[in-house]
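Please look over the sequence and the model first.

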Amino acid sequence: MAALSNGPAGEPQHASAQAAPAHADNEANAAGEWRRLHWATPILRGGIVLIALIAYVFSNGVNGFIQTIQNDRLSEIESSHTPTPTPSPTATPSPSDNGFWDSIPWDQLYGIISTAVWILVIIGAVVLGWAQWRSHRFRIGEDAIEVRKGIIARSERQIRFDRIQGINISKTVLGAIFGLAKLEFDAAGEDANIELAFLKVKDAEALRTEVLTRASGAKQAKAAERATTGVRSADEPLVADEAHAHMASDAAAPGVIPTPAAQSNLERFLRERIGEIAGGEASHEDPATRSVVEVSLARIILSRLMNFAVGLVATLIAIGIITAGVVVTVVATGEDLHNVLLEVSIAIGFSSLSAVLPLFGMAFSQIQQLARFTIVGTPDGLRIGRGLFATTSDTLPPGRIHAIRVHQPVLWRPFGWWQMSIIRASRTNSDGSGRSSSALTNNVILPVGTRDDVRRIMAIALPLHATPGFAKALDAGMTGHNRNTNDGFIPADHTTKWLHPFLARRVASQLEAGVLIMRKGAWQRSVTFVPTERIQSVTVSRSLLDRMRGTVNLKADVVPGAFATAVRFVVSERADQMQDRLIDIALEAAERDNSHRWADAAARSTIASARIQAERALAAGTPVDARTSAVLQAAEEWDREHRHDEDYSLLITAPEASEWPAVHEERAGE
């Protein structure tokens, strides 16, 4: 079988996940020894059912034994009080009297055979679980994580470090009893992830750190090789849309890219200086314990109930309409209104419960999954924690965010609440929609928060794009409208306001700091952010209404996700020009993409988190903790030394914002 993974620019790549012949256990090379999962894994995976089965068999056996004793005792009592009949001398003995089959205790024999069969089934399940645990092994290689499993049909799967989309540690309620957790490595594609269930919590955390550290080194080694040879490997295309490769810079020949500058050591400098400044204890403190935002459980509960209130209201309205129709019909036909209403009320009541209970079930599920939400930038990437009972700690490496959506349902507007979700190359369904229940929660980076919370998370999610102009565009995207002509957004074609009077008030786009920003929604506001280096291709589509009004939709194609990434209502005459320009921008951004500097981008996110935490501490009048102070001091020292070095600049080199509106200046003047 084959598993898909995804490259830094989102292009699908094949990771080895195919059947392999059995290898000896001692076939471990210098890259890493083969390891096994925790011995309690079979118990947590299927052992609970086995324990319940053992308890069931034991209970039935005890009950059968007690019942047999009671039956024997009753038989003895009955025989002692029943007179023995005197046999007639002329009576002929029955062939069955004192026969062999009558002497067999069938009830007892059935119980013994049944118990023996169940015992054999239990022994077989135990042996099978033990064999599966013995055959399931993994190791951390030089450039990939490998897993081997299977008893009869052996298989091997591996994911290269530079294709990992995220790493998460989840703890179930039952696993917490044993102190175990599940470690999962996300890769792009259907069923492409590698799951290690279960490991000790400390072992899982250490393994995550080891993989992330090696992944960062793998990227730097690959970049160093490109710097030496000047040739990009065959499995590493320049950009996903190879059809437009001729639009790249003339200085780069096909298959050759400009030699990158020396790699940044900011992450290593940061780790060393934190230890020197704050001491060993603070340097080893888990940064994930300090979230850049605070999301209370009460706010999550209220927001989720408000989301499902629309469905509840719609259900109640439907019930009211049905009831009114029944009443009118009964009155018109002259039937007994009381009896009919009683029957209808019972039917509607059961129907309402079947419609409402799933809504509350979904709300409770989301509340449980999103409670105790934390997010912070660490040297390993974004660390996201969530979960009320079963907890999850997800690490999202830099360069794995392909798009961000900031969304505000209409019922949230009085409270000023927003939700943030992302598109990443993992956790998709077979249809690529990414709309499974796990995807909807695991791709949320802010369940509910204020505008300030959105600004903080955006600073750590896109640290290489966080310019002052981008901050202004973020505010204009969330609350702006097309009547404001000075916010930098290019509004949709003016003819759309006749067909979409409310929607056209906010539909607009802007290019700022290397990010394509698209806003829409009059009732439910939404802003989508797509880093141009993540764009794989640009698609032009036209619906029937688009043909009638002479507009098109310009879609920036990224990996499949739960929300659209399209510029809507673009004038047809300028669609080709905009498409070509956006392709050029994507190609230029792909050439300058710094996502291969995994550790450097994560270090920038760490610095952004430290600045946010320091600002919050000062606003609350509390002292800044030692680690945060150490991060800020180390960052200041680094900036003083490298502020004039273009290669170590915080911000990526992006096209000027004026280049995007220039395509529309004619239409904007209409």
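Which side chain meets Arg611 in a salt bridge? The partner is Asp639, at 4.0 Å from N to O; a salt bridge is a side-chain nitrogen of Lys or Arg within 4 Å of a carboxyl oxygen of Asp or Glu. This is a predicted model, where local features need pLDDT of at least 70 and side-chain atom pairs pLDDT 80 or more, while totals for chains, interfaces and linings use all residues. Residues are numbered from 1 along each chain as its sequence is written, and side-chain values use heavy atoms, without hydrogens and water.

The structure holds 18 salt bridges, including these:

| Pair | N to O distance |
|---|---|
| Glu210 and Arg35 | 3.6 Å |
| Asp453 and Arg299 | 3.8 Å |
| Arg611 and Asp639 | 4.0 Å |

Glu210 lies in helix 4 and Arg35 in strand 4, so their pair ties together parts 175 residues apart in sequence. Helices (H or I, at least four residues) and strands (E, at least two) are DSSP runs, numbered from the N terminus. Asp453 is buried at 5% relative accessibility (buried is under 20%, exposed over 50%, partly exposed in between, with a 1.4 Å probe and protein chains only).

An open sheet has 7 strands in the order 16-15-14-20-19-18-17, with antiparallel pairing; two strands pair if DSSP finds at least two bridges between them. Strands 16 and 17 stand at the edges with a single partner strand each, so one side of each lacks a neighbour in the sheet. Strand 17 is joined to strand 18 by 2 bridges, and Pro491 has Ala508 as its bridge partner in strand 18.
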